[in-house]
Amino acid sequence: MPVYTVHAPSPGGADLRAPDKFVFVRDGFHFWAMIFGPFWLLWNRLWLALIGYLIFLAAFNAGLSSLGVGRSSIFFADCIVAVLMGLEASSLRRWTLSHGKWRQLDIVVADDSDTAERRFFERWSQKQNGSAGDQWAVDRGGPPPTRNVPGQPFSNPPPIPAGGIIGLFPEPGGSR
């Protein structure tokens, strides 16, 4: 079942009271991005990704031809790059949104985009209690909890095994 990420403009632009501006990005393989890579990037207005893709492809083909690689091998390598483009198309779109001052609100699992929108807005209407909906923003800041900070979930040291040795050898200097 496909997974969709929901993105909204940051408070500097449109706010969370404008749900028609929300963007749903499907995670997974994008066939049309593989077949028509540069045109798919243009259609989705991913300008920096398009420039990077064209520069990479030109340098990659020039490098392969300068190494004396045959045309059929270069075509095969370009096909592999196209498959990678299809695999990473949604990541490029999310990256562009995050650099365009958008923030990720939620992750929805659904069969298609209409079902994803319906599920998201059902939860949205249940959770929104008169606030601007800031509780929906995915927390991407702050380091993970560490063992040496009091009050963190990992503040207690891990238990030491009975033998004192962790790994494949139960005794120091034991036989292998």
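**Close-up 1. D106, a buried partner in a salt bridge.** D106 has a relative accessible area of 14%, so it counts as buried (buried is under 20% relative accessible area, exposed is over 50% and partly exposed is in between, with a 1.4 Å probe and protein chains only). Its side chain meets that of R123 in a salt bridge, 2.2 Å from N to O (a salt bridge is a side-chain nitrogen of Lys or Arg within 4 Å of a carboxyl oxygen of Asp or Glu). The pair links distant parts of the chain: D106 sits in strand β3 (residues 102-109) and R123 in helix α5 (residues 113-127), 17 residues apart. Helices (H or I, at least four residues) and strands (E, at least two) are DSSP runs, numbered from the N terminus. R123 is partly exposed at 34%.

This is a predicted model, where local features need pLDDT of at least 70 and side-chain atom pairs count only at pLDDT 80 or more, while totals for chains, interfaces and linings use all residues. Residues are numbered from 1 along each chain as its sequence is written, and side-chain values use heavy atoms, with hydrogens and water left out.

**Close-up 2. The R94 and D27 salt bridge.** Here the side chains of R94 and D27 meet, 3.2 Å from N to O. R94 belongs to helix α4 (residues 71-99) and D27 to strand β2 (residues 23-27), so to speak two distant parts of the chain, 67 residues apart. R94 is buried at 18% relative accessibility, whereas D27 is partly exposed at 39%.

Close-up 3. R118 pairs up with E122, and their closest N and O atoms are 3.6 Å apart. Both residues lie in α5, four residues apart, which is about one turn of the helix. R118 is partly exposed at 46%, and E122 is partly exposed too, at 41%. With this one, the count comes to three salt bridges.

Close-up 4. Three strands make an open, antiparallel sheet in the order β2-β1-β3 (two strands pair if DSSP finds at least two bridges between them). The edge strands are β2 and β3, each pairing on one side only. β1 and β2 share five bridges, and V6 has F24 of β2 as its bridge partner. Helix α4 lies across β1, β2 and β3, running at about 150° to β2. α5 packs on the sheet as well, touching β1, β2 and β3, at about 105° to the direction of β3. Contact means heavy atoms within 4.5 Å; axes are lines fitted to C-alpha atoms, for helices over the stretch in contact, and angles run from 0 to 180 degrees between N-to-C directions.

**Close-up 5. Aromatic rings around F120.** The buried residues of α5 are T115, A116, F120 and W124, and F120 has a relative accessible area of 0%. F120 forms an edge-to-face pair with F22, 5.9 Å centre to centre and 70° between the planes (rings of Phe, Tyr and Trp, its six-membered ring, pair if their centres lie within 6.5 Å; planes under 30 degrees apart are stacked, over 60 edge-to-face and the rest tilted). F22 lies in the loop between β1 and β2, so this pair ties together parts that are 98 residues apart in sequence. F120 also pairs edge-to-face with F121, at 5.0 Å and 70°, and F121 is partly exposed at 26%. F22, F24, F120, F121 and W124 form one aromatic cluster.
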